[in-house]
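Thanks for coming. I have one structure to go through today, and I will keep to what can be computed from it.

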Amino acid sequence: MSTLCAKKTMNEFDISSEINQDLICHYTSLTTTIEHILFRSKLRLNRFKNSNDPFEYNEKFFTYGFGRISNNNSVNKKAIGSNICYKLKSYIDSALFISFCQTGLSFEKDSICYLKPRMWSQYANDHSGVGLVFSKNELVKKIAENTRMDYCCGKIKYNKYDVNHDKYPSVEIPDECDFDIDQILRYYKDIFVNQMLLSKHIDYKDEDEYRLIQFDNDIDYSYLDISVMVKKIVISDRISDFGESVLRSYAEKLGSQLLLLNWSFSDVSIFDITTAST
C-alpha cells in the first residue's frame, strides 16, 4: 500500500496540542464518509429508535402521580396528568442525535478522541473506516444557528443498573388547581432529557461520548452543515489505497489535516500525510 511508504518517510505527528477537550471525533465507515458526509458536507442526526443501545431503541413510557387527590377534581387531574405524559413522550420521541468521542480529562495520549482502538474496531469498520475530527464549540454554535427547534448537547453520563428505580419515569403533578402546566413540562423535559438521552450504561463509559441532540417531530432525519468544519480526517493502517486517495483530495479541498495511524505492539504512531506523496 502507498501508506507504507508514507509511514517510512514522514515524521511522527506531535500530539501535544491534541490533548484538547474541544476536539471530538465521529467514527464511521469509508463509504459513509465519502458518499454522504464529505460529498454532501453534512452530518446526519438519527432517531434514537435506530440506536443499537437497548435502553435507547425501546419505546419510552411515562407515569404520573399527585401529592393528594380530592374526590371533586380527580377526573380532571387524571386528564391533566395523561396530557402532560403524552406531551413529554412526544418531546422525547422527537429527538434526533449524532454521537462523537470526546478527548478526555487525563491529559494523556490514551485520552485523545481519535486514538481509541476499540472505537476504530466497532464504529470504523475494523480500522478500514475514518475518524472525522471537529471542534465541539464550532458544532454546537452551528446547530444553534441552524435549527428552528429545541436542541441540546452534552457529555454522556454513565450509570450502573438502577434496580430500585421505577420501571417508567414518573411525573409528580402538584395538587394546586392553578399550577402551570407549561412550567411542569419545562421542568420534566430537562430531567428526562438528562436521564434518557444523555445517560448510558456504565459498560459504554470508555467511549467518552458527546452528543448533539435536536428535537423535531416533522422529520425522520436532520442534517447539520459541516462545510469547512472538518479539522482532521484520520485514517488507520487498514485503509485502502482508493480510500486514502479520495480522502487526500477531500483534505486538500477542505483545508483539513490528513492523519495516518500506525498501530504497533503496544502503542500507536501518528503521521501527518496531508502533503505526503503517494
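First, the ground rules. This is a predicted model, in which local features need pLDDT of at least 70 and side-chain atom pairs count only at pLDDT 80 or more, while totals for chains, interfaces and linings use all residues. Residues are numbered from 1 along each chain as its sequence is written, and side-chain values use heavy atoms, with hydrogens and water left out.

Now the overall picture. The protein has 8 helices and 14 strands; these are DSSP runs numbered from the N terminus, with helices being H or I of at least four residues and strands being E of at least two. Of the 278 residues, 49% are buried. Buried here means under 20% relative accessible area, exposed means over 50%, and partly exposed is in between, with a 1.4 Å probe and protein chains only. The protein exposes about 14800 Å², and carbon and sulfur atoms supply 48% of that; the areas come from the Shrake-Rupley method with a 1.4 Å probe, and for residues only the protein chains shown count as cover. Among contacts with a separation of 6 or more, 82% are between residues 24 or more positions apart. Contact means heavy atoms within 4.5 Å.

Next, the loop between strand E4 (95-102) and helix H5 (117-123), where serine 111 is found. Threonine 103 has its place in the loop between E4 and H5 as well. Are these residues buried or exposed? Threonine 103 counts as buried because its relative accessibility is 1%, and serine 111 is buried at 4%.

What does threonine 103 touch? Leaving aside neighbours within four places in sequence, its contacts include Glu18, Ile19, Asn20, Gln21 and Leu23, and also Ser111. A polar atom of the threonine 103 side chain lies 3.1 Å from the backbone nitrogen of cysteine 113. That falls under polar contacts: a pair of N or O atoms within 3.5 Å, where within protein one must be able to donate a hydrogen and the other to accept it, and residues adjacent in sequence count only if both atoms are side-chain atoms.

Serine 111 has a polar side-chain atom 2.7 Å from the backbone oxygen of glutamate 108. Beyond four places in sequence, serine 111 touches residues including Ile19, Gln102, Thr103 and Lys116.

Moving on to the loop between H5 and strand E5 (130-135), where aspartate 126 lies. Histidine 127 is found in the loop between H5 and E5 too. Most residues other than glycine have a negative phi. Aspartate 126 has a positive phi, near 55°, and histidine 127 has one of about 75°. Aspartate 126 is partly exposed, at 43% relative accessible area, whereas histidine 127 counts as buried, at 12%.

Then the region around helix H8 (241-254). Aspartate 237 sits in the loop between strand E12 (232-235) and that helix. Aspartate 237 counts as partly exposed because its relative accessibility is 24%. Its side chain reaches the backbone nitrogen of tryptophan 263 at 3.4 Å. In helix H8 we find glycine 243, which is buried at 0% relative accessible area. Glycine 243 and leucine 30 are 213 residues apart along the chain, and their C-alpha atoms are separated by 6.9 Å.

Last, the cavity. On a 1 Å grid over the protein atoms alone, a cavity is a set of points where a 1.4 Å probe fits but cannot get out, and lining residues have an atom within 4 Å of a point. The lining is Ile37, Leu38, Ser41, Ile226, Ser227, Val230 and Leu254. By class that gives 5 nonpolar, 2 polar and no charged residues.

That is the end of the tour.

Technical notes:
1 Å grid on protein atoms, 1.4 Å probe; cavity = no way out; pocket = protein on both sides within 12 Å on 5 of 7 lines; lining within 4 Å. Nonpolar A, V, L, I, M, F, W, Y, C, P; charged D, E, K, R; others polar.
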